[in-house]
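Please read the following explanation alongside the sequence and the 3D view. It takes up salt bridges, then a pocket, then backbone angles.

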Amino acid sequence: QHNLHLLSPQQIELAKMLLETGQTHLFEHWAEPGVEDDEKKAFFDQVARLDSSYPGGLASYIKTARELLADSKAGKNPFDGFTPSVPKGEVLTYGDDNFINFEDMGVKEAQKAAFVLVAGGLGERLGYNGIKVALPAETTAGTLFLQNYIESILALQDASCRLTQDDCQTKIPFVIMTSDDTHARTIELLESNSYFGMEPTQVKLLKQEKVACLNDNDARLAVDLRNKYRIQTKPHGHGDVHALLFSSGILKVWRDAGLRWVLFFQDTNGLLFKAIPAALGVSATRQYHVNSLAVPRKAKEAIGGITKLTHADGRTMVINVEYNQLDPLLRATGNPDGDVNCETGYSPFPGNINQLILELGPYIDELTKTGGAIKEFVNPKYKDASKTSFKSSTRLECMMQDYPKTLPPSARVGFTVMDAWLAYAPVKNNPEDAAKVPKGNPYHSATSGEMAIYRANSLILRKVGVQVANPVVQVFNGQEVEVWPRITWKPKWGLTFAEIKRKVCGSSTISQRSTMVIKGRNVFLEDLSLDGALLIDAVDDAEVKVQGSVQNKGWTLENIDYKDASVPEELRIRGFKFNKIEQLEKNYSQSGNFTLEP
Ligand code: UGB
């Protein structure tokens with residue numbers, strides 16, 4: 001009351017809203033008028049931000065929170081009335097005719113695509129001190145995750161452009177969702193690396209805001225313990241991406257520019273773009289409004305399961321059921337063993353890798369109705385069984401893959417299952433937790449993420465006719481992994497099966513202890529016999545044939561311990577580093593035709 005005369009009309013409205021929604025306690029310990037006025041102003045600035053960044057405003061947030069907290073207290077099952085079953089989707093096999101046709105189609109469609117990376121999370125499970133997209137995806141070429149994503153989008157853009165007759169000006173738009181935790185460091189990474197070759201105007205950052213924390217079942221907002229004029233906030237989840245895209249107005253700009261697809265992806269999957277062209281081809285061919293990428297999933301693996309839910313009233317939807325909910329849901333619906341592997345050795349529910357392809361038109365139609373609001377959930381940690389108080393404040397959360405929950409039954413929601421070796425190897429777990437993963441389940445660590453890249457590249461080269469040696473098994477940071485030859489190439493060398501096949505002819509062999517890095521676009525492997533390390537770089541208009549036998553001492557893998565603080569964090573979380581003993585390195589900086597014959 002005493003402070004009212006200091007407030008602007010907008011601030012008075014916000015104060016009224018807070019009082020009407022039961023938030024009187026926020027003002028209880030305020031100093032009298034004239035004291036700490038700057039802090040009071042900052043409080044209202046924060047409330048204004050919380051209000052404007054949430055679809056429907058803060059009052060709507062508090063109302064939803066009360067409902068969800070009441071449901072949680074009552075132990076209400078969010079899947080009440082629904083029976084889960086295994087849905088049908090498109091199952092692809094790398095390199096067969098079907099896959100190649102989808103890839104062709106996907107490359108054509110890429111001209112009408114925009115990409116959205118959700119990178120607002122700090123990755124608490126990984127415990128890395130930097131932003132995750134700044135980590136090297138692998139340490140042979142040293143390509144960073146963000147660099148790999150940008151170079152892949154550019155490779156797709158070029159490949160797509162090459163298919164058109166006319167002068168192609170396509171610049172695939174790329175949005176990165178950041179948060180206060182990642183925003184400044186993402187900008188710095190882009191700027192200090194000249195946007196990894198992308199035009200800065202192609203890239204747009206959208207920063208998600210945190211949401212207010214809740215102290216009790218009445219959804220009373222939590223006062224920040226360090227400052228009584230601030231409300232505690234926490235991340236709201238990757239589901240924010242839809243509201244942010246909608247409110248930014250960018251979706252309509254894309255539609256007006258003739259785009260048709262929006263592809264969403266996460267921060268640390270070094271394999272993802274090997275699966276993108278075919279998955280986009282599936283979207284276009286099947287005319288899916290929503291297409292989720294999936295991989296075979298081990299029961300209880302920490303990724304959601306794509307599930308068909310059928311309600312007693314006849315409604316059905318195909319949706320991700322999060323890993324902690326799938327097992328109880330199955331048990332509650334007549335499957336006493338819960339989430340278990342079937343005879344294939346995998347869960348019958350495909351694993352969601354949170355790569356979504358949405359058709360832009362229906363997406364805009366839906367967001368025009370919802371404002372981008374996504375069905376939320378709350379996960380309070382209660383002090384005791386009475387569920388009347390929390391151990392610490394909680395907040396509402398939302399996930400981007402819950403977007404289909406509000407869609408009408410007529411929406412075409414599908415999914416595409418890819419081989420896990422091709423499509424999915426995230427870096428989420430710290431070495432200690434990864435070492436505890438049950439045997440046979442993926443580690444999802446920096447170690448396994450890097451080794452998966454070498455395995456995928458080795459398997460791809462095998463598919464196009466190169467004789468690649470078998471892997472050996474080694475243990476790094478307590479994790480047993482297959483070590484394949486360390487083969488990497490830039491996305492522009494080959495993003496699709498057809499493109500890679502075109503670059504390989506004759507009969508080449510690569511031994512297990514070998515390392516190969518291809519950075520040039522037009523490098524052709526012809527009767528190469530590699531036993532050691534070979535690094536080739538070439539400008540785009542240099543055409544290089546690689547022949548003959550390359551043999552040298554090569555690069556060896558040296559074990560390092562994740563606790564060894566003398567080694568940089570991005571290396572020690574892998575448990576190994578390269579000992580670069582001997583290599584053949586060739587760099588072609590002029591245009592022309594060349595033959596690399598050692
Ligand atoms: N992220 C944000 O941008 N903002 C946020 O507020 C939070 C996260 P996690 P999660 O593919 O393995 C997801 O923490 O949420 C970004 C799916 O829900 O790595 O535990 C963050 O930067 C699950 O179904 O994953 O699990 C990162 O890029 C399964 O598919 C992304 O969101 C699982 O991923 C994911 O955040 C998986």
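Lysine 112 and glutamate 109 form a salt bridge, with their closest N and O atoms 3.4 Å apart. A salt bridge here is a side-chain nitrogen of Lys or Arg within 4 Å of a carboxyl oxygen of Asp or Glu. The model is predicted, so local features need pLDDT of at least 70 and side-chain atom pairs count only at pLDDT 80 or more, while totals for chains, interfaces and linings use all residues. Residues are numbered from 1 along each chain as its sequence is written, and side-chain values use heavy atoms, with hydrogens and water left out.

Lysine 112 is partly exposed at 30% relative accessible area, whereas glutamate 109 is buried at 8%. Buried means under 20% relative accessible area, exposed means over 50%, and partly exposed lies in between (1.4 Å probe, protein chains only).

A salt bridge also joins the side chains of arginine 260 and glutamate 359, at 3.3 Å from N to O. This pair links distant parts of the chain, 99 residues apart: arginine 260 sits in the loop between helix 8 (250-256) and strand 9 (261-265), and glutamate 359 belongs to strand 13 (residues 347-359). Helices (H or I, at least four residues) and strands (E, at least two) are DSSP runs, numbered from the N terminus. Arginine 260 is partly exposed, with 22% relative accessibility, and glutamate 359 is buried, with 13%.

Aspartate 540 and arginine 521 meet in a salt bridge of 3.1 Å, N to O. Here too the pair links distant parts of the chain, 19 residues apart, with aspartate 540 in the loop between strand 26 (533-538) and strand 27 (542-551) and arginine 521 in the loop between strand 24 (515-518) and strand 25 (523-531). Aspartate 540 is partly exposed at 32% relative accessibility, while arginine 521 is buried at 14%. Salt bridges that share partners join Glu109, Lys112, Arg260 and Glu359 into one network. The structure holds 33 salt bridges.

Which helix gives the largest share of the lining of the second largest pocket? Helix 14 does, with five residues. Strand 10 (290-297), helix 12 (420-423), helix 14 (446-463) and strand 20 each supply at least two residues of this lining.

The last topic is the backbone. Most residues other than glycine have a negative phi. Serine 194 has a positive phi of about 50° although it is not a glycine. Serine 194 lies in the loop between helix 6 (183-192) and strand 5 (203-208), and is exposed at 56% relative accessibility. Asparagine 477 has a positive phi near 50°. The loop between strand 19 (472-476) and strand 20 (479-483) holds asparagine 477, which is buried with a relative accessible area of 10%.
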